[in-house]
Amino acid sequence: MAKIFDLCPSIVQPLLSGDGYLIRIRPKYGYLNSRQLMSLGKAANQFGNGVIEFTTRANITIRGINEKKLNDLSHFLKNEKIVNQLDTNKTVSNIIYSPFLRLNDKKFPRISKIIEDQLASIPKIHKKFGIAIDLGRLATLQNIHADIRIEEASNGSLIIRIDGLEYGEEVEQNNLIPSLKNITNNIAKAVPFHLKDKNLSEIIQHIDYKKFHIPLKKPRKQEFRPRLGPCFQGYLLSSISGRFTGDQVIQLSFQVENVKVTPWKALFIENTLRKPKLNFLSKNTDFSLKISHCSGQPYCKQGLIDTSKVADKINKRLKSSYKKNVINIPNIHISGCEKNCGIPKNVSISISKFKKDNPIEVVNGEHKELADLLTLELQ
Ligand code: SF4
């Protein structure tokens with residue numbers, strides 16, 4: 001019987017939420033082929049309430065699961081090889097892959113395989129510990145939460161960069177896991193007790209990391225901004241807020257060979273410049289990649305507002321305010337309560353509509369005009 005916990009949902013740690021139990025899974029290699037996509041849709045319909053969410057850590061949430069069906073769902077997902085068989089509550093649950101491969105790229109798949117095959121030997125420093133594998137055509141994951149970044153330096157060499165540091169340490173492919181273990185084990189030993197649950201970007205400011213880590217290589221340019229539509233010989237698509245029904249996922253599976261699960265609550269389809277003809281998919285003119293929100297009402301028990309309704313209003317506002325200026329668009333996050341779950345890294349406007357004081361907060365001093373407008377409109 002799967003154990004039932006109240007924090008950090010995973011395949012072995014379901015979380016009781018407003019609509020039943022939920023589990024969060026990490027697709028192996030951040031990838032689903034069409035058969036697995038269809039199985040995911042069937043799993044949501046058969047074991048849950050038919051709601052699937054793609055998250056900002058490139059995980060997949062299946063919602064509304066009856067307690068008695070938890071074990072069967074876990075077996076089903078493992079049998080369908082959607083998750084890595086080595087995944088447990090002790091392994092790293094956030095491994096995020098850049099979705100854009102180079103043509104004939106051998107290095108990226110090889111490194112992904114090393115990580116997946118040796119999952120059990122990678123230390124997990126805190127419960128949300130994450131690794132971004134930011135290889136491929138260009139660096140894309142700079143604004144995604146991760147503690148360790150496996151990247152390319154500007155000269156093409158492989159580096160391990162601790163989040164928060166400007167430079168990374170050069171590493172050979174065959175030494176990747178020992179180097180990762182060396183860095184993480186040393187950090188785990190050095191971390192002060194009061195920082196035990198913090199991200200490495202914070203921990204690293206308080207320890208003498210140069211004793212065990214030599215970061216001398218600058219990563220390549222980090223300027224990617226995701227947008228829905230055609231990109232890199234493929235297509236980035238989503239539905240509103242990255243939330244799909246099981247039936248929609250099944251329909252999608254008939255039209256694609258595979259999907260990469262990205263950390264922008266969006267899916268990337270390789271080798272096509274056309275959007276599948278499915279009317280539930282967001283329009284390319286939508287701003288859904290700029291607006292994030294937590295589950296909120298009615299999905300989360302603690303939720304004080306329906307965050308998806310607020311997101312929908314804001315999407316409409318951005319469409320009318322930013323028709324021509326698509327570069328300088330702020331990232332906006334909506335929280336359903338004080339807990340602020342799943343807040344992305346580069347948010348400019350944070351909306352906590354349940355608060356009486358300061359419900360719309362400008363995080364970095366920019367976009368005050370838009371924040372003032374939203375304050376009026378969301379009253
Ligand atoms: S921020 Fe609050 S409402 Fe939103 S998911 Fe977290 S606990 Fe639920």
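Predicted model: local features only at pLDDT ≥ 70, side-chain atom pairs only at ≥ 80, totals over all residues.
1. Overall build. The chain contains 8 helices and 19 strands. Its radius of gyration is 20 Å, close to the 21 Å that the globule rule gives for 379 residues, so the chain is as compact as a globular protein of that length. Along the principal axes, the C-alpha atoms fill a box of roughly 55 × 50 × 45 Å.

2. A sheet of 5 strands. Start with the order: β6-β7-β8-β9-β10. The sheet is open, and its pairing is mixed. Why is one side of β6 and of β10 left without a neighbour in the sheet? Strands β6 (94-97) and β10 (169-170) stand at the edges with a single partner strand each, so one side of each has no neighbour there.

3. Inside that sheet. Look at β7 (residues 130-134) and β8 (residues 148-152). They pair in the parallel sense, over 4 bridges. Helix α3 (residues 107-117) lies across β6, β7 and β8. The angle between α3 and β7 is about 165°.

4. Strands around β15. Strand β15 (residues 267-270) pairs with β12 (residues 234-237) in the antiparallel sense, over 4 bridges. In this pairing, L236 stands opposite F268. Strand β15 also pairs with β14 (residues 258-261), again in the antiparallel sense, over 2 bridges. Here V261 stands opposite L267. Strands β14 and β15 form a hairpin with 5 residues between the strands. Within this hairpin, K265 takes a positive phi near 55°.

5. A sheet of 4 strands. The order is β16-β17-β18-β19. This sheet is open too, with mixed pairing. Which strands stand at its edges? They are β16 (291-293) and β19 (360-362), and each pairs on one side only. On average, neighbouring strands of the sheet are turned by 20° against each other, direction ignored.

6. Strands β16 and β17 (residues 332-334) run parallel and are joined by 3 bridges. The bridge partner of I291 is I332 in β17. Helix α7 (residues 307-321) lies across β16, β17 and β18 (349-351), at about 170° to β16. Helix α8 (residues 368-377) lies across β18 and β19. It runs at about 175° to β19.

7. The ligand. Which residues are around it? They are C294, S295, G296, C300, Q302, G303, S335, G336, C337, K339, N340 and C341. This shell divides into 4 nonpolar, 7 polar and 1 charged.

8. Begin with the parallel pair β7 and β8. Move on to β15, which pairs in the antiparallel sense with β12 and with β14. Finish at the parallel strands β16 and β17, then trace helix α7 across them and β18.

Note on methods
Residues numbered from 1 in each chain as written. Pairing = 2+ DSSP bridges. Contact = placed C-beta atoms within 7 Å. Axes fitted to C-alpha atoms, helices over the stretch in contact; angles between N-to-C directions. Near = placed C-beta within 6 Å. Nonpolar A, V, L, I, M, F, W, Y, C, P; charged D, E, K, R; others polar. Rg over C-alpha atoms; globule rule 2.2 N^0.38 Å.
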